[in-house]
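Let's take a friendly walk through a protein model, looking at how its side chains meet. Please keep the viewer open as you read.

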Amino acid sequence: MTAVESRPAGVLGTSPGHRPFGARVMAFVALTKPRIIELLLITTVPVMFLAEQGVPSLWLVLVTCFGGYLSAGGANALNMYIDRDIDALMDRTAQRPLVTGMVSPRECLVFGITLGVVSTLFFGLLVNWLSAALSLGALLFYVVVYTMLLKRRTAQNIVWGGIAGCMPVLIGWSSVKNEVSWAAVILFLVIFFWTPPHYWPLSMKVKDDYARVGVPMLPVVAGNRTVARQIVVYSWVMVAVSLLLTPLGYTGWFYTTVALVSGGWWLWEAHALNARAKSGVTGAKLKEMRLFHWSITYVSLLFVAVAVDPFLR
């Protein structure tokens with residue numbers, strides 16, 4: 001792991017005697033990165049509808065989502081524990097609970113491990129042990145493979161590290177079927193190829209932050225032209241993979257229409273970003289965040305279509 005000289009986590013904030021209870025509670029919630037987890041749930045629930053070919057048990061949906069929140073929250077807390085040195089130096093992470101001192105590193109470590117253990121048992125006892133194994137695998141992959149091994153060593157960090165973010169698709173399917181089918185694998189691959197062109201535009205925006213702490217995100221080690229070209233390549237593969245569900249018989253006309261229209265718009269935005277990068281546009285005129293924001297809309301639309309499609313066939 002690359003060493004980064006920084007002030008110790010906690011120097012900005014807060015002595016134990018000046019940490020109000022309400023603020024402490026919110027700090028522990030912040031450790032779980034709830035806004036990111038919203039996106040994970042968007043990819044879990046619709047897959048349950050597809051697996052059921054209708055409405056799954058409400059109880060099963062609730063326990064699967066809650067178990068997923070606990071597992072992803074534990075992974076995120078452990079990520080913050082490991083990255084607390086560089087978080088203290090990056091503008092976009094300067095208000096995280098370990099940096100401000102609202103939560104101590106030891107508290108964060110215990111909290112993350114506890115959530116990981118509880119979520120695994122929760123899945124195993126209330127859903128099934130396959131979902132529990134997939135959940136634990138996602139947590140370990142994110143913490144060990146991405147955060148500890150890849151993030152500070154290679155520009156391919158987000159490509160392979162993104163596998164952890166694909167796992168909710170498999171968990172959603174396995175919670176209903178207690179197995180993994182090709183439909184789940186295809187949607188797993190959609191998220192796999194979606195993750196780099198989703199995250200790289202944001203990395204382009206904040207690349208100075210990553211450069212300052214020595215994290216070799218692709219926009220740090222390559223120019224905008226290279227990054228934009230990679231975004232286009234991954235975007236085309238993502239859209240192509242998303243269209244495989246229909247010829248294999250898992251979805252019908254509604255999903256196909258949404259996948260074509262939303263995917264077409266994505267490709268338009270990706271090529272527009274590539275054109276601006278090739279022409280040497282920089283700064284605000286590059287408009288890289290347009291694709292980032294659209295990427296969230298795209299995945300939401302696509303997976304809503306996954307959930308709705310079984311009712312229209």
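Predicted model: local features only at pLDDT ≥ 70, side-chain atom pairs only at ≥ 80, totals over all residues.

Residues are numbered from 1 along each chain as its sequence is written, and side-chain values use heavy atoms, with hydrogens and water left out.

## Salt bridges

Side chains of opposite charge can pair when their charged atoms come close. Here a salt bridge is a side-chain nitrogen of Lys or Arg within 4 Å of a carboxyl oxygen of Asp or Glu.

| Salt bridge | N to O distance |
|---|---|
| Lys151 and Asp83 | 2.7 Å |
| Asp91 and Arg212 | 3.8 Å |
| Asp209 and Arg212 | 2.3 Å |

Start with Lys151 and Asp83, which form a salt bridge. This pair links distant parts of the chain, 68 residues apart: Lys151 sits in the loop between α7 (129-150) and α8 (157-161), and Asp83 in the loop between α3 (58-82) and α4 (84-87). Helices here are DSSP runs of H or I with at least four residues, numbered from the N terminus. Both Lys151 and Asp83 are buried, where buried means under 20% relative accessible area, exposed over 50%, and partly exposed in between (1.4 Å probe, protein chains only). Salt bridges also join Asp83, Asp85, Lys151 and Arg152 into a network.

Now look at Arg212, which has a salt bridge to Asp91 and another to Asp209. Asp209 and Arg212 are 3 residues apart in helix α11, so about one helical turn separates them. Asp209 is buried at 7% relative accessibility, whereas Arg212 is partly exposed at 44% and Asp91 is exposed at 63%.

## Aromatic pairs

Rings of Phe, Tyr and Trp (its six-membered ring) pair if their centres lie within 6.5 Å; planes under 30 degrees apart count as stacked, over 60 as edge-to-face and the rest as tilted. The whole structure holds 11 aromatic pairs. The pair of Tyr142 and Tyr146 is stacked because the ring centres are 5.5 Å apart and the planes are at 20°. These two tyrosines lie 4 residues apart in helix α7, about one helical turn, and both Tyr142 and Tyr146 are buried.

Trp160 and Phe192 make a tilted pair, 5.6 Å centre to centre with 50° between the planes. Trp160 lies in helix α8 and Phe192 in helix α10 (residues 182-205), so the pair ties together parts 32 residues apart in sequence. Trp160 is partly exposed at 45%, while Phe192 is buried at 9%.

Trp59, Ile113, Val117, Leu121, Leu125, Leu126 and Trp129 make a nonpolar surface patch of about 770 Å². Helix α6 (residues 105-126) gives the largest share of this patch, 5 residues. Ile113 is in helix α6 and is partly exposed, with a relative accessible area of 45%.

Finally, Thr100 is found in helix α5 (residues 97-100) and counts as buried at 14% relative accessibility. A polar atom of the Thr100 side chain lies 3.2 Å from the backbone oxygen of Pro97.

Notes. Polar contact = N/O pair within 3.5 Å; in protein donor to acceptor, adjacent residues only side chain to side chain. Patch = residues over 30% accessible without salt bridge, like charges linked within 9 Å, V, L, I, M, F, W, Y side chains within 5 Å. Areas by Shrake-Rupley, 256 points an atom, 1.4 Å probe, with all protein chains shown as cover.
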